[in-house]
Amino acid sequence: MAIGETIRNSQIWKSIFRHPMPLDRRNRIVVMLTNFFLHLHPVSIKKQGIALSFTWCMGGVTFFLFMVETVTGVLLMFYYRPTLEWAYNDILALRDVTSLGILRELHRWGAHAMVITTWLHMYRVFLTGSYKPPREFNWVVGVILLLLTLLLSFTGYLLPWDQLAIWAITVGSNMARATPFLGYEGPGQQLLTIGGIDMITDKSDARFGLLGARFVGEETLNRFYVLHCIAIPLAVALLLAIHFWRVRKDGGISGPL
Amino acid sequence: MHASPFFLSDVAGFLGGYYAFIAAMNGVFAFLLWRKYGQPGWAITWSAFAGGMMVLASLALSGAPSLVPALPDSVRTVVNALSGPVLYSLGTMALFTVLFIFRKFFVQPMVAWTILNAALVLMGLSMADQNFAAIVMKPDNVPIVGLVFLLAFFTWVATKQAVVNDERIARGEPPMEKVNDEKVLVWPDLVYTELICMVAVTAFLLLWAICLPAPLEEPASSVKTPNPSKAPWYFLGLQEMLVYFDPWYAGVVLPSLVVFGLMAMPYLDFNKQGNGYYSIAERKFAYLTYQFGFLVLWITLIILGTFLRGPNWNFYGPFEYWTPYKVEVLNNVDLNQMFWVQWLDMPLPRAATDAPWYSQLGHILLREAPGLALLGLYLVALPPLLAVTIFRGMFAKMGFIRYLIMSNLMLLMLSLPLKMVLRWTMNLRYIVSIPEISLNF
């Protein structure tokens with residue numbers, strides 16, 4: 001008790017938390033306004049807006065899973081090397097010999113869970129009509145986030161470099177070669193010729209752009225690794241910030257203004 | 001059949017735990033009914049059920065073929081023989097229709113609980129089948145089993161509240177959400193809920209990670225194509241669509257339209273009611289459209305693609321061994337073939353190979369005239385026709401552009417089930433087929 005008191009009266013503690021413990025009404029309001037992590041929230045909220053039967057907490061769980069994926073992902077990056085020589089062996093070692101190899105399990109199951117919770121969050125937002133004015137634009141941001149979540153999962157699927165990985169990505173990315181006009185097997189690509197020379201070939205079409213090669217190989221592994229670890233997470237982080245900010249600006253999670 | 005003599009003893013521990021879990025779940029439920037809700041009659045019923053589950057658990061733990069509870073061979077054979085893409089699609093559609101129409105009955109807690117238990121027991125009995133277990137217990141398929149139960153649960157949660165709200169609105173009362181709108185402080189009410197959720201999710205994820213190793217197959221080999229080759233599970237609905245459409249449509253255009261349609265939704269839905277509370281009656285059209293797209297076209301096709309599509313993307317019953325030697329007859333015919341050859345008894349219109357380009361084009365257009373006319377009727381003539389008939393009220397409220405986008409998105413979404421029906425009934429392959437520019441529809 002006395003130690004707690006001493007700590008809370010120390011200069012260090014007071015430099016971090018500029019108010020007493022949030023035990024009375026005033027300090028419960030102040031804590032929301034002065035804490036960086038908490039200021040994402042409003043100070044007070046409709047009771048309905050936090051009822052679990054209403055929200056299912058799925059948006060929050062999705063965000064939490066994104067943080068779990070970030071932390072476990074960064075830790076896995078210390079270990080895993082995205083090259084043909086090492087990728088599979090590193091994952092194998094994570095499974096069989098490495099301490100804390102369970103990080104990979106957490107990362108993979110967390111990723112599956114995140115896809116599911118994103119769908120459930122969207123389902124709830126639809127069923128409560130929360131996409132209606134004034135939240136139309138935030139719904140659009142949410143749809144892009146859904147797409148990016150699927151792309152995060154899809155790019156990560158390749159990294160273990162096992163049979164499951166490369167063939168799932170091969171099947172998935174084969175679609176791109178049928179892109180109208182831009183895929184070399186797509187409708188209309190025959191029409192894009194200059195002086196009898198095809199513009200769209202298997203070395204210049206949408207699939208090549210996605211894979212960095214004509215088939216899933218080392219270039220693809222590198223490309224997907226960078227997309228998975230840097231490019232898409234940065235885009236997601238930016239859109240998440242907009243998503244949350246708009247929830248505040250649009251007057252909470254649902255209902256007319 | 002491809003039975004391993006050790007299969008049942010291998011899964012005995014899992015199945016025993018599984019039935020014991022159902023028993024525990026029902027024990028807790030019975031206790032709550034007795035102490036909290038004062039329903040001793042129901043409490044006794046569910047305790048008896050829990051006792052039955054304990055019996056099943058001990059039978060399963062024995063691991064002996066004669067004792068482990070399983071579906072009789074005859075039932076499995078009949079299910080396998082009956083199941084196919086047609087019955088699966090129509091069956092799920094019928095199931096959703098019944099659930100929707102009689103939603104007031106199905107949302108009652110006792111009914112929902114009975115259905116949940118029935119589903120769990122059926123799942124346990126099926127799990128004693130080696131072929132079923134081999135697919136369902138594949139590590140990357142486990143999340144889909146979870147998804148099915150979670151979706152069922154949350155659909156129940158939402159529908160239950162919507163039924164209550166719709167009854168209140170019909171009586172002229174506000175929905176429950178509006179009754180409950182006093183303000184509370186975020187600290188502690190929301191912050192603590194979030195903390196508890198985080199702890200619960202972490203615990204759940206740790207448990208999952210400890211119990212189930214992440215999949216890792218043989219090292220990648222670009223010369224050894226697995227059969228079947230499947231995309232990640234969340235894209236299997238799209239892969240299933242490849243049965244009915246070419247990749248440019250099923251894999252590129254339709255998914256883009258799904259994303260576009262989702263983004264356009266808040267701008268197309270002009271209905272101001274049902275904003276911020278669960279309701280079905282106030283927004284039936286939007287509700288049914290979304291549910292058709294999400295539950296029927298997205299989720300059930302993922303389940304079909306994951307659990308029921310085997311080697312060569314052939315359909316396999318839930319208890320069927322995935323033999324790569326299953327042969328399915330493919331005798332699909334293009335519409336141009338049907339029209340010119342089968343009905344008019346003429347050869348397909350074809351220009352001479354050295355004919356000028358306009359003659360070539362003319363012949364192609366003539367050859368595809370029936371398909372192009374059908375498509376034109378469907379996408380160009382149908383929207384105005386609907387606007388003056390069943391969508392008359394909507395057209396007036398939406399205006400021309402919004403109506404045009406909504407009706408075309410709607411028709412393109414329906415192109416999938418329509419193509420399925422045409423395939424099943426007429427073996428139709430392509431409505432329009434212009435291989436000259438790789439355009440098949």
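**Entry 1: Burial of two residues**

I began with the rule for burial: a residue is buried if 20 or more other C-beta atoms lie within 10 Å of its own, exposed if 12 or fewer, and partly exposed in between. I note at the outset that this is a predicted model.

I then applied the rule to B:P384. This residue has 14 C-beta neighbours inside 10 Å, so B:P384 counts as partly exposed. I located B:P384 in helix α16 of chain B, which covers residues 369-388.

Next I took A:S15, which lies in helix α2 (residues 11-16) of chain A. Is A:S15 buried or exposed? I found 8 C-beta neighbours inside 10 Å, and therefore A:S15 counts as exposed. From A:S15 to A:P180 the separation along the chain is 165 residues, and I read 60 Å between the C-alpha atoms.

**Entry 2: Chain A as a whole**

I recorded 11 helices and 3 strands in chain A. Read from the N terminus, the order of its elements is α-α-α-β-α-α-α-α-α-α-β-β-α-α.

For the extent of the chain, I noted that the C-alpha atoms of chain A fill a box of roughly 80 × 50 × 30 Å along the principal axes. The radius of gyration of chain A is 24 Å, whereas a compact globule of 257 residues would have one near 18 Å.

I found that 46% of the 257 residues in chain A are buried. Of the contacts in chain A between residues at least 6 apart in sequence, 60% join residues at least 24 apart.

**Entry 3: Helix α7 of chain A**

I checked the length of helix α7 of chain A, which has 26 residues (102-127). At 1.5 Å a residue the helix should span 38 Å, and I find its end C-alpha atoms 37 Å apart, which agrees.

How many of the 26 residues of α7(A) are buried? I read 24, so α7(A) is largely enclosed by the rest of the structure. After α7(A) I came to A:G129, which has a positive phi, near 65°.

**Entry 4: Chain B as a whole**

I recorded 18 helices and 3 strands in chain B. Its C-alpha atoms fill a box of roughly 85 × 65 × 40 Å, again along the principal axes. Buried residues account for 27% of the 441 residues in chain B. Among contacts in chain B between residues at least 6 apart in sequence, I noted that 69% join residues at least 24 apart.

I also looked up the domains of chain B: domain 1 covers 1-69 and domain 2 covers 335-440. The C-alpha centres of these two domains of chain B lie 55 Å apart.

**Entry 5: Where the chains meet**

I turned to the contacts between the chains, in which 72 residues of chain B meet 83 residues of chain A. Several elements of chain B each supply at least two residues to the side that touches chain A, among them α8 (142-170), α12 (247-268) and α13 (284-308). Which element of chain B gives the most to this side? I found that α10(B) does, with 14 residues. By residue type, the side of chain B that touches chain A divides into 46 nonpolar, 14 polar and 12 charged residues.

Lastly I examined the strands. Strand β1 of chain A (residues 44-46) and β1(B) run antiparallel and are joined by 3 bridges. Within this pair, I saw A:I45 standing opposite B:V184 of β1(B).

Key: Residues are numbered from 1 along each chain as its sequence is written. Chains are lettered from A and ligands numbered from 1 in the order in which they are written. This is a predicted model: local features need pLDDT of at least 70, side-chain atom pairs count only at pLDDT 80 or more; totals for chains, interfaces and linings use all residues. Helices (H or I, at least four residues) and strands (E, at least two) are DSSP runs, numbered from the N terminus. The radius of gyration is taken over C-alpha atoms; the globule rule is 2.2 Å times the number of residues to the power 0.38. Two residues are in contact if their C-beta atoms, placed from the backbone, lie within 7 Å. The expected span of a helix is 1.5 Å times one less than its number of residues. Domain bounds come from an automatic or database domain assignment. Ala, Val, Leu, Ile, Met, Phe, Trp, Tyr, Cys and Pro count as nonpolar, Asp, Glu, Lys and Arg as charged, and the others, Gly among them, as polar. Two strands pair if DSSP finds at least two bridges between them.
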